[in-house]
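Biologist: I have a model open and would like to learn how to read its features. Could you walk me through some of them?

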Amino acid sequence: MNEDEGTEETKDSDPDVGEDDQDPDLASPRLYGVPVTESHGQVVLHTDKNGYNDLVGALVDDGFGVCIDLCGADYLGNETRVLPEEVTPERFEVVVNLLDIHAVRRIRIRAQVDESDPELISITPFYPGAEAMEREAIDMFGLQFQGHPDPTPILLPDDWEGHPLRKDFAIGRIPVQFKAVEGR
Amino acid sequence: MTQLDHLRNGDAVLRMSEAEAEERAAVVDPDDERMIINMGPQHPSTHGVLRVTMELQGEVVLRSKPVIGYLHTGMEKTAEDLTFMQGPTNVTRMDYASPLFTELAFSLAVEALLDVEIPERATWIRMMMCELNRMSSHLLFLATNGMDLGAVGMMIYGWREREEVLRFFEKVTGLRMNHNYIRPGGVAADLPDGWSEDVESILSILPERLEQFDVLMTGQPIWRERTQGIGVITTEEALALGATGPILRSTGYAWDLRRSMPYLAYDDVDFDIVVGTYGDTFDRYAIRLNEIRESMRIVEQCIEKMPDGPYRAEDRKVTPPPRARIDESMEALIHHFKIFTEGFKVPAGEVYTSVESPRGELGCYLVSDGGPKPQRMHIRAPSFVNLQTLPHMIHGGLLADAIAVISSIDPIMGEVDR
């Protein structure tokens, strides 16, 4: 991780960091260099798995010091999703809610993650607290986080097969599993 | 980030699989006095089914790791199979000590997607019920915290006071727990006749009882000895680990969503945010005790200012018709039937709403695809995130203190595992 060196001082917070490099030719407004939309009054940044880590790094530098929530979402079969034009819709999304506790503002990142190679770079170097949340996303959606310190199952049993929150994981498909206890 | 590196590397967190631990146990090394033990999942002080793997040297805890998932029932998956109408019955079972908060976060998310205005009375009823719930939740904490540290009498007192609140909940919602009271569009029922007398009687009993708790615990030397300076965490560590609620406030950082990002009508009531100084177990205890007093202040103002009017939105898309209408109108009957069988459709979109639960920020991330059921429902459970602070707080402390620290995090396993 090269991002975490010498960046302990948060820069002066400027909410319109991406404003300068705004290109009038681009279809949608941008913030921090990525397309930005508004959802029910909340700021949402869109990115893909390659730009995800740099974007989080930029947000950390801008004062978003708390990772409030990280979760996956599976859009298999959902045609109603509205995304900015430049963003290629993929099956999975990683949704990160960040909080700037000093300026009292929130921001949300939706990173598109494709099904064939669902691997992102872990954001635990920025936010140690994202560890459990990323482990949950690994369990539930089969996403992978490169550089995660402990990518073991957290909520599911160690020998569980499949990722329950994927849309193609039918309810009741697998009978309830109990771990056998040796010697009993 | 360098000053926070210790949160990420293996200084305090025991990152070792069971197989590795077994392998290490088999190697006999007379100079190595470390051993790995399991605490829980069945242990009275683990608040349900929390298991903590600990590396001990003598009585000192070196590294540890909370092992969770024993209560995982896939409630987020279940939510995708329930309509928005049925949603609160599911989420209310997550944090069973403060069920109304999860219902509230979920309902606020659905209402944001629907863009429905909530009548003022519903907002104030919600706020009053939530503050009463905060009191009952903190009273439960005082009871279990006392018991964990050997003040067994406290167990009975805390439970007794909590029962007063639960009795009122039963009268209003029909159930002592898992109320399904706060629903998208308002609340399930109006407050019953004479509600204000009931609430006032709770408020009149409590101050004296809280003073008794002060005598029993706060000022008592043994209690202070067991809690002061134990399980210390700094503001930076708490923020980096995502900890919110009393854990963050115990470090002296006054962060409370009710004040910082007000929802419901918290703008219109006076209350103080209780903060600690040292970030230790005693501060976390004292914060919760005093938050009961602040909640009582809010409830008093709710009684005073409770507005009249409907207790749920008059939007017939979301709320069923009044019971009396069903007897006289065929359309109302059909409408009632439709809402309870098919549910109502929620416009496509996604939203994140958060409330300040007794444990910290409780959030709900909701994605709708335009149908009557959520496409994705995720609850940001404060206990789940807060539990990550445990290895750092008990690192280098005594095993007996670990009990005090686990208790001071106040984890609700139903919410951790979901």
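**Reading the features**

Modeller: Gladly! With a relative accessibility of 14%, B:Thr218 counts as buried (buried is under 20% relative accessible area, exposed over 50%, partly exposed in between, with a 1.4 Å probe and protein chains only). This is a predicted model, where local features need pLDDT of at least 70, side-chain atom pairs count only at pLDDT 80 or more, and totals for chains, interfaces and linings use all residues. Residues are numbered from 1 along each chain as its sequence is written, chains are lettered from A and ligands numbered from 1 in the order in which they are written, and side-chain values use heavy atoms, leaving out hydrogens and water.

Biologist: What does the side chain of B:Thr218 make a polar contact with?

Modeller: A polar contact is a pair of N or O atoms within 3.5 Å; within protein, one must be able to donate a hydrogen and the other to accept it, and residues adjacent in sequence count only if both atoms are side-chain atoms. Here the partner is the side chain of B:Asp214, at 2.7 Å.

Biologist: How is a pair of aromatic rings described?

Modeller: By the distance of the centres and the angle of the planes. Rings of Phe, Tyr and Trp (its six-membered ring) pair if their centres lie within 6.5 Å; planes under 30 degrees apart count as stacked, over 60 as edge-to-face and the rest as tilted. Over all chains, the structure holds 6 aromatic pairs. A:Phe92 and A:Phe141 form an edge-to-face one, 6.3 Å centre to centre with 75° between the planes. Both A:Phe92 and A:Phe141 are buried. In B:Tyr263 and B:Tyr266, the ring centres are 5.1 Å apart and the planes at 65°, so that pair is edge-to-face. B:Tyr263 is buried at 9% relative accessibility, and B:Tyr266 is buried at 2%.

Biologist: Which residues do ring pairs link into a cluster?

Modeller: B:Trp223, B:Phe282 and B:Tyr285.

Biologist: Where does the charged end of A:Arg81 sit?

Modeller: A charge sits over a ring if NZ of Lys or CZ of Arg is within 6 Å of the ring centre and within 35 degrees of the ring normal. The charged end of A:Arg81 sits over the ring of A:Tyr75, 4.1 Å from its centre. Likewise, B:Arg162 has its charged end over the ring of B:Trp159, 5.7 Å from the centre.
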